[in-house]
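Hi,

Here is the structure I promised to pass on.

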Amino acid sequence: MTQITMTDTIEKSTIIDASVERVWQALTDHARFGDWFGAKMSGPFEPGKEVTFTMSSNDSGCENSEKGLSFAATIRDMEKPNRFSYTWHPYAVDPDHDYSREEPTLVEFRLEEVAEGTKLTVVESGFERIPEDRRDLALRKNTGGWEFQMERIKAYVEQNS
């Protein structure tokens with residue numbers, strides 16, 4: 001049996017001065033998601049579909065996410081307007097590495113109406129299944145990346161409301 005520790009999960013929250021519906025649109029419309037995330041998305045988000053993220057700038061919060069780097073995610077759930085999730089291979093930046101043999105992590109966005117607008121929480125879990133030789137680096141890089149991306153979505157939604 002695998003014991004899950006606190007280092008298995010990243011959790012970040014922010015309060016966005018906008019309605020749940022506006023935040024939901026920024027998360028689930030692939031073009032809007034790409035705008036704040038800094039990536040071009042290969043197509044619309046639909047449960048069960050794989051989407052390719054191609055980084056469109058060098059400003060993603062991850063120093064190895066150069067423009068043009070691509071990685072795939074599989075959309076899991078779209079429970080309007082409270083939960084959106086996908087799986088992906090965290091910190092998959094080495095073009096010579098075959099990540100398809102690894103278990104992906106689960107990224108969940110949860111939206112909750114609060115007095116100030118919307119509380120958005122992102123949770124990425126499953127790092128215990130990442131190969132040990134890259135687990136700590138993936139966890140550390142994605143922790144910093146999610147801090148940065150939560151600031152980006154907050155600014156994007158508040159500026160575009």
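Where is the place of S85? S85 sits in strand β5, residues 83-88. Strands here are DSSP runs of E with at least two residues, helices are runs of H or I with at least four, and both are numbered from the N terminus.

Before going further, some housekeeping. This is a predicted model, where local features need pLDDT of at least 70 and side-chain atom pairs count only at pLDDT 80 or more, while totals for chains, interfaces and linings use all residues. Residues are numbered from 1 along each chain as its sequence is written, and side-chain values use heavy atoms, with hydrogens and water left out.

Back to S85: its relative accessibility is 0%, so S85 counts as buried (under 20% relative accessible area, with exposed being over 50% and partly exposed in between; 1.4 Å probe, protein chains only). Skipping neighbours within four places in sequence, S85 is in contact (heavy atoms within 4.5 Å) with I75, R76, D77, L106, V107 and E108.

Now the overall picture. The protein has three helices and seven strands, and along the sequence they run β-α-α-β-β-β-β-β-β-α. Of the 161 residues, 46% are buried. The accessible surface is about 8600 Å², and carbon and sulfur atoms account for 46% of that surface (Shrake-Rupley method, 1.4 Å probe; for residues, only the protein chains shown count as cover). If you take contacts between residues at least 6 apart in sequence, 56% of them join residues at least 24 apart.

Next, the helix packing. The axes of α1 (residues 20-28) and α3 (residues 132-159) come within 10 Å and cross at roughly 120°. Axes are lines fitted to C-alpha atoms, for helices over the stretch in contact, and angles run from 0 to 180 degrees between N-to-C directions. The pair α1 and α3 is therefore oblique; under 35 degrees would be roughly parallel, over 145 roughly antiparallel, 65 to 115 roughly perpendicular, and the rest is oblique. On the α1 side the contact uses R22, V23, A26 and L27, and on the α3 side I153, Y156 and V157. Those residues split into six nonpolar, no polar and one charged (nonpolar: Ala, Val, Leu, Ile, Met, Phe, Trp, Tyr, Cys and Pro; charged: Asp, Glu, Lys and Arg; polar: the others, Gly among them).

Helix α2 (residues 30-37) also packs on α3, at an angle of about 120° with the axes 8 Å apart. That makes α2 oblique to α3, and the crossing is again right-handed. R32, D35, W36 and F37 of α2 meet W146, Q149, R152, I153 and Y156 of α3. By class, this contact has five nonpolar residues, one polar and three charged.

M150 belongs to α3 and, at 4% relative accessibility, counts as buried. Its contacts, not counting residues up to four places away in sequence, are K12, S13, T14, L120, T121 and V122. The C-alpha atoms of M150 and F37 are 9.3 Å apart, although 113 residues separate them along the chain. T14 lies in strand β1, residues 9-16, and counts as buried at 15% relative accessibility. With the same exclusion of residues up to four places away, T14 touches T118, K119, L120, M150 and K154.

Cheers

Key:
A crossing is left-handed if the near helix is turned anticlockwise from the far one by less than a right angle, and right-handed if clockwise.
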